[in-house]
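Student: I am new to this structure and would like to go through it by question and answer. Please show it first.

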Amino acid sequence: MLNNIKKILFILVAFVSITATNAASHAHQNNHVNHQITITDPWIRSAPINAPALGLFMNISNNTNQEVRLISAHTKGYKRIELHRTIDSNGVMKMVKQAFMPIPAHAKLHLKPGSWHIMLIAPEQVPSEGEQVSVSLKFNDGSTQTIQVLVRKGGMMMQHHSMH
Amino acid sequence: MRAKFFMVAGAAILLIAAVLYSLSGSKDYRSLNAKLTAAQIMHNPQRPLSTFSLSDHNGDVFNNNSLMGDWSLVLFIYTHCPDVCPTELANMAMLKAQLKNKHAAIIPKVVAITFDPLRDTPKVLKTYVAHFDKAFIGVSGDTQQIDQLVKDLGAYYERVVYDEAGKPITLKKHEPLPDDAIEKGYVINHTARVYLMSPDGQVLAGFPTPHKVDDMANDIELLIKAFEE
Ligand SMILES: [Cu+2]
């Protein structure tokens, strides 16, 4: 019994110290990377193996006092990568190419199905579900961020369900 | 004498009722509108679907008969669509799952007709739609035939090419694609309604965007019940 408690305590201490180290190294990293613009939940929608175009989505937070613009995205293995926005104009869904994506000061831009998205065109090979894809994002303040993007399923309702 | 009169009168009333019933195209589904949260009634016996003949993703004929006998959900897609069409197809797969969860007696089959038969051949559609659900049916074929269906169902699409400077140019309805369009790519602006077709091969209701799967499943059950009553 006492032994068990010791074991649990040990695991707890180990866990806390690992978490603390992680947090510290994170903070350390962030001093070198641009922490003014943060990317969360980046994902590529898993698609048929012959899909001519893929959608890339994420949250981009701008923690600065001025507007920041995403000007391009890069990853290997595509003919073209474009910034797009789907606009619903009286029931007609229009895919409109954008020169940049504006993220207002102290605000978040949510790239999601039916809205802002990055379009990956003519893939050499469509990545499969569960794969991680490295993508770099270029902003107008001169900064670049490289993120790991998960390939996963997702319709409009997926996010809706996960919120419950 | 009196009994005979009542019998004749009764028969006449039944006959008139039957004629009225068939003339009015059976029921007035508009009374359902108050209960529906996602669907809009499109039932209109005065305007049946045109005769059409297309090809399913196995290369077999897909025509008016293919929509008869079963309930179906029909939608228009194109595989070069980066956003709206894959979302719709994913939603249709979730809708089927939702109906299954609710133990629905009838789960409509899903038919995805391409706006873009030039690039979306039956073979392309077969690989594409099966990704979302093995049972989905992809349909391609002659542009004029597809355009007729698009018109009948009140859908709409327009093709957009880009000029040298990258400026978008929307093509007119029957304007041919520029020679380099296949190479350079083009997108299609389009409506994204889903149509519920009853087993008589006619449209009963339409679901405009956004497609909320839970609401759609409820409405589909209500509509099927009303039709079969
Ligand atoms: Cu589309």
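Student: Where is the place of B:Pro210 in chain B?
Tutor: This is a predicted model, in which local features need pLDDT of at least 70, side-chain atom pairs count only at pLDDT 80 or more, and totals for chains, interfaces and linings use all residues. Residues are numbered from 1 along each chain as its sequence is written, chains are lettered from A and ligands numbered from 1 in the order in which they are written, and side-chain values use heavy atoms, with hydrogens and water left out. The peptide bond from B:Thr209 to B:Pro210 is cis, with omega near -5°. Helices (H or I, at least four residues) and strands (E, at least two) are DSSP runs numbered from the N terminus, and B:Pro210 lies in the loop between strand 11 (203-207) and helix 6 of chain B.

Student: At what angle do the axes of helix 2 and helix 6 of chain B cross?
Tutor: Axes are lines fitted to C-alpha atoms, for helices over the stretch in contact, and angles run from 0 to 180 degrees between N-to-C directions. The axes of helix 2 (residues 84-101) and helix 6 (residues 213-228) of chain B come within 9 Å, and they cross at roughly 55°.

Student: Which residues of helix 6 of chain B meet helix 2 of chain B?
Tutor: Contact means heavy atoms within 4.5 Å. From helix 2 of chain B come B:Asn91, B:Met92, B:Met94, B:Leu95, B:Gln98 and B:Leu99. In helix 6 of chain B they meet B:Val213, B:Asp214, B:Met216, B:Ala217, B:Ile220 and B:Glu221.

Student: How much area do chain B and chain A bury between them?
Tutor: The contact takes 35 residues from chain B and 34 residues from chain A. Buried area is the accessible area (1.4 Å probe) that two parts lose on being put together, summed over both. With 62% of it on carbon and sulfur atoms, the area comes to about 2,500 Å².

Student: Which residue of chain A meets B:Asp83 in a salt bridge?
Tutor: A salt bridge is a side-chain nitrogen of Lys or Arg within 4 Å of a carboxyl oxygen of Asp or Glu. The count between chain B and chain A is two. At 3.5 Å, N to O, the side chain of B:Asp83 meets that of A:Arg45.

Student: How many residues apart in sequence are the parts that A:Asp41 and A:Arg152 tie together?
Tutor: The side chains of A:Asp41 and A:Arg152 meet in a salt bridge (3.3 Å, N to O). A:Asp41 lies in strand 1 (residues 37-45) of chain A and A:Arg152 in strand 10 (residues 144-152) of chain A, so the parts that the pair ties together are apart in sequence by 111 residues.
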